[in-house]
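Have the sequence and the 3D view open as you read.

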Amino acid sequence: MTPLGYKRLILTRHAKSAWDDPALDDHDRPLNERGRNSARALGDWIASRGYEPEEVLCSTATRTRETWDYVQSAALESLPQVRMEGDLYHASPDVMLKILQSASAQTVMMIGHNPGIAEFAASLPARAPLDPDFRRYPTAATLVVDFQADDWSQIRPGDGTAMDFVRLDGRR
């Protein structure tokens with residue numbers, strides 16, 4: 001739980017998707033087994049740290065929606081408001097910021113795609129996490145960043161504090 005006057009963003013790239021049907025439209029690609037396992041592990045990680053979102057902003061792509069479904073089903077206790085956002089599909093950082101600025105809850109999870117999500121993540125904190133994979137933002141990567149603000153409309157790049165970063169891409 002974040003204190004009043006703060007906003008928390010949980011910024012997640014979708015988990016690993018399947019490529020076994022070359023005729024399938026990119027928007028419709030589902031998660032593969034590794035992706036499903038990663039998304040469940042991410043749900044456990046989020047719950048174990050008390051980062052549960054109150055609002056979810058999710059791309060309409062199948063792989064992002066499935067990532068949320070597996071995250072939520074893993075261990076999360078609350079049922080946040082979920083907003084499917086077509087504009088998050090392969091969104092630029094500017095579009096992601098605009099959508100985030102329309103959020104209303106104190107703790108928001110956004111689920112999107114590379115390359116935009118990696119660029120957006122890199123722009124948010126004043127200091128980026130030291131993880132060598134942070135700039136690459138692999139599948140199921142998640143940044144938790146806090147902002148000192150009363151409203152999401154006040155959020156600007158570089159104003160955040162990176163609280164946590166995890167890569168749960170299912171590789172051992």
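Where is Ser102 found? Ser102 sits in the loop between helix H3 (93–100) and strand S4 (107–112). The model is predicted: local features need pLDDT of at least 70, side-chain atom pairs count only at pLDDT 80 or more, and totals for chains, interfaces and linings use all residues. Residues are numbered from 1 along each chain as its sequence is written, and side-chain values use heavy atoms, with hydrogens and water left out.

**Confidence**
- The chain has a mean pLDDT of 93, and 95% of its residues reach 70 or more. pLDDT is the predictor's confidence in each residue, from 0 to 100.
- Confidence in the chain is lowest in helix H2 (residues 62–75), at a mean of 92, and highest in H3, at 98. Helices (H or I, at least four residues) and strands (E, at least two) are DSSP runs, numbered from the N terminus.

- Ser102 is partly exposed, with a relative accessible area of 42%. Buried means under 20% relative accessible area, exposed over 50%, and partly exposed in between (1.4 Å probe, protein chains only).
- The side chains of Ser102 and Arg83 make a polar contact (2.6 Å). Such a contact is a pair of N or O atoms within 3.5 Å; within protein, one must be able to donate a hydrogen and the other to accept it, and residues adjacent in sequence count only if both atoms are side-chain atoms.
- Ser102 and Pro138 are 36 residues apart along the chain, and their C-alpha atoms are separated by 26 Å.
- Arg8 lies in strand S1 (residues 6–13). Arg8 is buried, at a relative accessible area of 9%, and its side chain makes a polar contact with that of Asp146 (2.7 Å).

**Helix H1**
- H1 (residues 33–48) has 16 residues. From first C-alpha to last, H1 reaches 23 Å, close to the 22 Å expected at 1.5 Å a residue. The expected span is 1.5 Å times one less than the number of residues.
- Gly35, Ser38, Ala39, Leu42, Gly43, Trp45 and Ile46 are the buried residues of H1. Seen down the axis of H1, they fall within an arc of 165°, so they line one face of the helix. The arc is that of the directions from the helix axis to the C-beta atoms.
- Asn32 caps the N-terminal end of H1, with a side-chain oxygen 3.1 Å from the backbone nitrogen of Arg34.
- Gly50 follows H1 and has a positive phi, near 75°.

**Rings**
- The whole structure holds 5 aromatic pairs. In Phe134 and Tyr137, ring centres are 6.0 Å apart and planes are at 70°, so this pair is edge-to-face. Rings of Phe, Tyr and Trp (its six-membered ring) pair if their centres lie within 6.5 Å; planes under 30 degrees apart count as stacked, over 60 as edge-to-face and the rest as tilted.
- Phe134 and Tyr137 are buried. Ring pairs link Phe134, Tyr137 and Phe165 into a cluster.
- The charged end of Arg29 sits over the ring of Trp19, 3.6 Å from its centre. This requires NZ of Lys or CZ of Arg within 6 Å of the ring centre and within 35 degrees of the ring normal.

**Backbone exceptions**
- Most residues other than glycine have a negative phi, and most peptide bonds are trans.
- His90 has a positive phi of about 55°. His90 is in the loop between strand S3 (81–85) and H3.
- Ala140 has a positive phi of about 65° and is buried, at 2% relative accessibility.
- Asn114 and Pro115 are joined by a cis peptide bond, with omega about 10°.
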